[in-house]
Amino acid sequence: MSKLRKKRMQFVITALVVPVILLIVFVVIPAADLFRMSFTNWDGYSKESDIVGFTNYISMLKNKDLWLSLKNNAVYFVIHFFMIAVELGFAVILTGRLRAAKFYKTMVFMPYIINGVAVSYAFSYFFSPINGAFDAVLGALNLEFLIRNWLSDPKIVNYVLSFVSVWRFSGYHVILFMAALQSIPQDVAEAAKVDGANAWQLFKYIQVPGIMLMVDFVLFDNIRGSLQVFDIPFVITAGGPGYASSTFTLYTIKTAFTYSNFGLASTMAVAIMIMIVFIYVIQNKIIHSLILRDRRK
Amino acid sequence: MVKRISTQIVKQILCASMVVIVMAPIILTLFAALKTKADMVTTSPLLLPEWGRVTFDNFKDVLSDKYLLIGFKNTGIILMVSIFFNVMFGTITAFIIERFEFRGKKLVVSLFFIGMLIPTFVTEIARFQVIQGLGLYNTLGAPIVIYVASDLMQLYIYRQFISGLSVSLDEAALIDGCSYFGLFVKIIFPLLAPATATVCIIKAINIINDMYIPYLYMPKNKLRTLTTFLMDYANAQLGSWQTLAAGIIIIMIPTIVIYVFFQRYILAGVAAGAVKE
């Protein structure tokens, strides 16, 4: 028996040793190091660095450009948040009886599959002020008066980029919702239909509660995604003009790799992680209490 | 009956507009890629030029760039090596976590769980020194090691799949004198083939499309990947939308082809990868 146990142990150890080492070296140590560095003034290349206590945390809170960047993240968050209802709607339509549903399913997920950098450049062209396709669309609809400098007007650039983000990521949520909807047992819905439930009641009392886990995941993904927006603004506007389309992650990366302030950047990284958890908990509480209240009625 | 037909029509209109919104930016980019420099100015961006004036020169320009080929090669190497190790470590780790009890298991499981939760972009600030310290900066090793160590989506897919396999299989094999290693290689691994297919496809798309890690860790020209090639090309082609558009289309093609062929697995895999316990 003990020989067998020894063999088991040997197998477990030899199999796990490499993956666990990789994980520790490239994930766990860097994550722990982020916390340590957030209390130093390390510049990214010196051998020495001083422990500066909470200085980075204080200067982070005082940094106006960073707050502006965070506000930009909030725009992504809100727009995507409201899109969730639309995404859910599409998921319900596509799981129901519908001609060409398969084709639509393929299309809805397409933007998520294609290269983000290519997408970003394609939209740079789409919104370009010279010969831009979007301005031409507006022209064709006799809406010329709406034409703006889509990517260089500080007032609107961030909304334009949020739209690109919605274009790119909404299909992902639709697919997740569809997968969840399909896993709801058919007989429950059938029984409800026999009892005379209409589509809206079916949606509200059966489908939405049935996919609550997925709704949770999508809400979490929305927080994580909108706090980490990076490649769309990085490629299209580099955060400009000024900081008009900068985001928290973009600012953090710039602080580290452009301004060589790794200490402060680590502080921001820690802040992102804390914000993700914090907003998630609050949002969860609110959403769940809303749904539970509805059910009690 | 009338009501049913009208809802069908509304649904079709909604879905059709969705398709237009999805396709418009891509098709308009394709139009630009097929125009000459002169036609870019004279024709509407919403239209192709007259049939006789459609040109493929922009595509030829991009394809003749030697860095495109280098980009294809590097992306290919990174892809194959990372996916190989992802599958190897993913399957065995999931197998052990699902089927074995051992001291420290909780710790190992929670380490992997943390690995999934930590935001990737910002950890690079700390990971950068580890990569540099190991001499992996500006080598293909940097992206490979990061994709293998830190992108752990495959664990969920494999764990879900293994939990559906009957334990009596393991027992029968062990009683027949199979070693644990033999059991894994001869019995479990082949049974995981469908999950492996899904993992390979999804990883391939993520890796081909990733911009950040190659951009950060491989600034060397010879280490261009498809995405960093496009970024470089865009900087060089400033203002020449028709050639850049051709570059955009060419870079989009590999993942679109994968998607069109394997969409069933991709859609299933994305859903499986997202739902965590």
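Me: Buried means under 20% relative accessible area, exposed over 50%, and partly exposed in between (1.4 Å probe, protein chains only). What makes B:Lys60 exposed?

Reply: This is a predicted model, in which local features need pLDDT of at least 70, side-chain atom pairs count only at pLDDT 80 or more, and totals for chains, interfaces and linings use all residues. Residues are numbered from 1 along each chain, chains are lettered from A, and side-chain values use heavy atoms, without hydrogens or water. B:Lys60 is called exposed because its relative accessibility is 55%. B:Asp57, at 45%, is therefore partly exposed.

Me: How do you know that B:Asp57 and B:Lys60 form a salt bridge?

Reply: A salt bridge needs a side-chain nitrogen of Lys or Arg within 4 Å of a carboxyl oxygen of Asp or Glu. The closest N and O atoms of B:Asp57 and B:Lys60 are 3.7 Å apart, and the pair forms a salt bridge. Both residues belong to helix α3 (residues 57–63) of chain B, three residues apart, so about one helical turn separates them; a helix is a DSSP run (H or I) of at least four residues.

Me: Why is B:Arg224 called buried?

Reply: B:Arg224 is called buried because its relative accessible area is 8%. Its salt-bridge partner B:Asp232, at 3.2 Å from N to O, has 35% relative accessibility and so counts as partly exposed.

Me: What makes the pair B:Glu98 and B:Arg159 a salt bridge?

Reply: The closest N and O atoms of B:Glu98 and B:Arg159 are 3.0 Å apart. B:Glu98 lies in helix α4 (residues 66–99) and B:Arg159 in helix α8 (residues 153–163) of chain B, so the pair ties together parts 61 residues apart in sequence. B:Arg159 is buried because its relative accessibility is 17%.

Conventions:
Helices (H or I, at least four residues) and strands (E, at least two) are DSSP runs, numbered from the N terminus.
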